[in-house]
Amino acid sequence: MVDVVRRKLLRGTALAGGLAAARSLFPAPALAQIPKGTGEVVVYDGGGSWGEAKRIAYFEPFEKETGIKVIAQPRTDTGAVRASVLAGAPRYDVTIIPGGKAPTFERDNLLLPIDYGYFDKADLDAFSPVKVGKFTVPAIIYSLFIAYDASKFTSDAPNSWADVWDTQKFAGRRSLMAGTWASDGGTFEAALMADGVDPAKLYPLDWDRAFKSLSRVKPNILKWWNTGAEAPQMIIDKLITAGSAWNGRVSAANEQGAKIGYTWNQGMLQYDTWVVLKGTKNADNAFKFLAFSARAENQAKFVQHILYAPPNSRAFDLVPSERAKLLPTSPEARKLQFVQDYEFWNTVGANGKANNEVAVAQWERWISGAR
Amino acid sequence: MADASVAMPRRGYTLGRARLVPVLLLLPIVIVFSVGYVVPLAQLVLKSLQLDGAWSLKSYIEIANSPAFLWIVLRTLALAATVTIICLLIAYPLAYAISKCPPRAAALLLLIVTLPYLTSVLIRTYAWIVLLSPNGPINQLFLRLGLISEPLQMVFNSIGVYIGMVQVQLPLMVFPLYAVLARVNPSLAKAAQSLGSPPTDAFLRVTLPSSMPGVISGCTLVFLSSLGFYITPELLGGPDSYLIAQGISLRVLILGDFGEAAAQSSILMLTVIAVFLIFRQRIAEELDDRPHNNLSPIGTSTSGLSTQWPIQERLTAILHGPSLKLHEALTVIRGPFLYVIAALTLLLLILPFVIVIPLAFSDAPYLTFPPPGYSLRWFSSLLRNTQWLDALSFSLRWAGLSALLSVAIGVPAAFALVRYRFAARVPVYLLLISPLIVPHVVIAVSLFFALAGSSLIGNPLAFALSYTIIGAPYTVVVMIAGLKRFNRTLELAAASLGSSPLVTLRTVTLPLLLPTLASAAIFAFIVGFDDVVFGLFLSGPTATPLPMRMWDNIRLEISPQIAVIAVLFLIVLALLLLLRLFVNAVVPGRRPQEGVHP
């Protein structure tokens, strides 16, 4: 008994020591670099446990350290955010947009370049596998992967997109994200992998082959999901037995007692990124906030509350190993997955449309039977 | 001579004043609608014709070149038509049965019909998913009864979409039908029967033809507003479900492709306006003040509203042959059949609440039905969340204010439309009820661009404006119905006793109309309170309505929290209704229509 207590204490000191060591590598001024400020900064919240994790790890400590008030605002879809910038009244000062949609914001001149002056160099260098950009600071990394009903498939479970397509072997209905979400949903990549394309040779996507593959799975699709909550909910409600889902939602549901199985194999690493919207009145506060949220210890704290991977890889050192194991960028998970190619998704073709738009147009044609 | 010269200008003056009154009564609502609705929509249409500041048809050419768009439009039209027919088939028996009830029971039944309108679309659709799913209660019941051997697929296909949409659209069909059926003089059918006509024949020859205006009006309203649906089909539909409003909202909300969205919205809106104009006389039937006691000979109307309308005749003629054959069979089963249909319809409307209420008291961390246990954890979690409470108080305040505004501008408008005759009567009425039909996402995006650059974005006033625009049509419709039932002899009595018009208004008319005013305000409040589309465009740090927070939560995790909101909403509603009953009870001389039909 005493032993256990002592071991715990030791572990505690070890952790503290580790933290102290980590701090000593980067001299104190580096951490105290963000000067006090005034006023406010309007930040995207995200709602639910995601918003809660942000509040605990970023919003409240940032307010405490800098005196700048964080105003957390709920989600508006990217189109409405775009409209707000065009209208000269940005909806937020700092927001998070899907990595696959960020390049069009850059292209259309809707973002402010990030001032990295307040950032700690060590934090900046540690962003992996996604680097910071001129306009973007990765916020979370997550996986779009195969999820299934673990109470139904116990010994032999779907382990590839081909398995998801195979309803002979794994009976039951399916759900994938609607193709109208283009890059966000990973549905086109999944279709190609199900048809035997090597994940390393996916891009540029072969649209015809993808839609042929989708036509094969369509009779077994219960519905195309549109929000992250839907797929896990359909598994919980036993409406589908397998499909695509985001890891954060699946893990959260499992922590609350759901039995959703998943595999990292052929999972797609996706990311969301922080951006500062053009026309903001609080740019300086926004940069301070981004520097604060980029710190390893803050990202580690964030991971305690939700299982989205920290883009600052130094945060991993501060996350308990049992928890780190569940993150999509942990070494074992990382090697089974690939990073979705957002560059491809934003490449503009001969008709002046980016692949994100091409996918939507083709999807509409396919779904209406006109393709 | 001198007399005449004095009289002439005076007569001119009074005539001018009589003309001025409806103008003054309509002025506030017309101003609000112009600023917040007509001008922005016109700008949107203009925008769809422009590209980078120059005139261009590029968006339309793109649409014309897309075979998908035509298919999606056709599919949308087919869905709207199917929903309309189903609504008609089940609403008619219900409206008929309600029209046979005593007024108090009828009011209660009409309230039940509107209940689906009063719950958030998100919670309502989730309740349907639970109810209709293969292992849901309905399938379980059928399996146990041995009616089916394996579960029916009732959700995530067109059946689910039909059920979900019919439930919401039913009030739009029941109300116009009820309005005409309640006006059909029962003694006519009795007279026909006493002259030897079998009841069904009397129904087919007397009641049905006289209710045709209600049928047309209801069908048009349901059809047109179905064209703009997207959340229900998206949540309840199967893999093939894709409608035009989904395409528009996708372009607006996700792609940010405003040119093409504006073009598609313009096409949808022009379709709606065209259908609306074709059937304008029937939609404006509510304004018609002839007593519908009999089949008035077509074309003799003096009100100017009911002109000749041959389709009705043709329809009746077409229906006549088969109807005679049907009537033998119908006579036998008519009574029980009618009540079974009416009861089943009411059940359809209430069922989702049977699911929602227990969900709110669930102790599970996620949505699951039936709940594994019961607790108040989701109530307390809501009450501890300051963000939600702030949003709740914002929504209550601004939806409340907008409800008052809607009443303030909608009631004078209803008076003008019912009590005065002027050339623009029908067009103004159609304009005022059109926000019921134009898809909200279209109104919202047009308003957004109209307000863009002004400080109104993110300002609560923008919400007051938009909630008023979507709420006022309800106050107008409800008030018109109330004013038409209103027994004017009381006003005349007051006037004959020397009361001035304003005093009569204050002491007689308004007190008598108080319950109607309350209903009008409740409708306007609910429409604003439940709005999610305008919030997406107009919210800001100091203006965050509750449904925005709900959407945010629902996107990544569905928890019983939203059911709690639904239950709180029902409680608020119940309180409002109790208040209305209370008002009813304390003001004496209430419900003149009861005096008319003892």
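User: How many helices and strands does chain B come to?
Analyst: Keep in mind that this is a predicted model. Chain B runs to 598 residues. Its secondary structure comes to 25 helices and two strands.

User: And what about chain A, how many helices and strands there?
Analyst: Chain A holds 371 residues. Its count is 17 helices and eight strands.

User: What percentage of the residues in chain A are buried?
Analyst: Buried here means under 20% relative accessible area. For chain B, that share is 55%. For chain A, buried residues make up 61%.

User: What part of the accessible surface of chain B do carbon and sulfur atoms supply?
Analyst: Let's take the two chains in turn. Chain A has an accessible surface of about 14,200 Å², with 55% belonging to carbon and sulfur atoms. Chain B exposes about 25,700 Å², and there the carbon and sulfur share is 71%.

User: In chain B, what share of the contacts with a separation of 6 or more comes from residues 24 or more positions apart?
Analyst: Chain A makes a handy reference: among its contacts between residues at least 6 apart, 71% join residues at least 24 apart. In chain B, the share from residues 24 or more positions apart is 77%.

User: Where is the second largest pocket lined, and which residues are closest to its centre?
Analyst: This pocket has a volume of about 1,400 Å³. Elements giving two or more residues to its lining include helix H3 (48-66) of chain A and H16 of chain B. Of the 49 lining residues, the closest to the centre are A:Gly48, A:Glu52, A:Arg55, B:Asn385 and B:Gln387.

User: How many residues of that second largest pocket's lining are nonpolar, polar and charged?
Analyst: The lining draws on both chains, with strand E2 (69-73) of chain A and helix H23 (546-556) of chain B among the elements that give two or more residues. By type, the lining divides into 16 nonpolar, 17 polar and 16 charged.

Note on methods:
Residues are numbered from 1 along each chain as its sequence is written. Chains are lettered from A and ligands numbered from 1 in the order in which they are written. This is a predicted model: local features need pLDDT of at least 70, side-chain atom pairs count only at pLDDT 80 or more; totals for chains, interfaces and linings use all residues. Side-chain values use heavy atoms; hydrogens and water are left out. Helices (H or I, at least four residues) and strands (E, at least two) are DSSP runs, numbered from the N terminus. Buried means under 20% relative accessible area, exposed over 50%, partly exposed in between (1.4 Å probe, protein chains only). Contact means heavy atoms within 4.5 Å. Accessible areas come from the Shrake-Rupley method with a 1.4 Å probe; for residues, only the protein chains shown count as cover. On a 1 Å grid over the protein atoms alone, a cavity is a set of points where a 1.4 Å probe fits but cannot get out, and a pocket is an open set with protein on both sides within 12 Å along at least five of seven lines; lining residues have an atom within 4 Å of a point. Grid points are joined across faces, edges and corners, and a volume is the space filled by probe spheres set on the points. Ala, Val, Leu, Ile, Met, Phe, Trp, Tyr, Cys and Pro count as nonpolar, Asp, Glu, Lys and Arg as charged, and the others, Gly among them, as polar.
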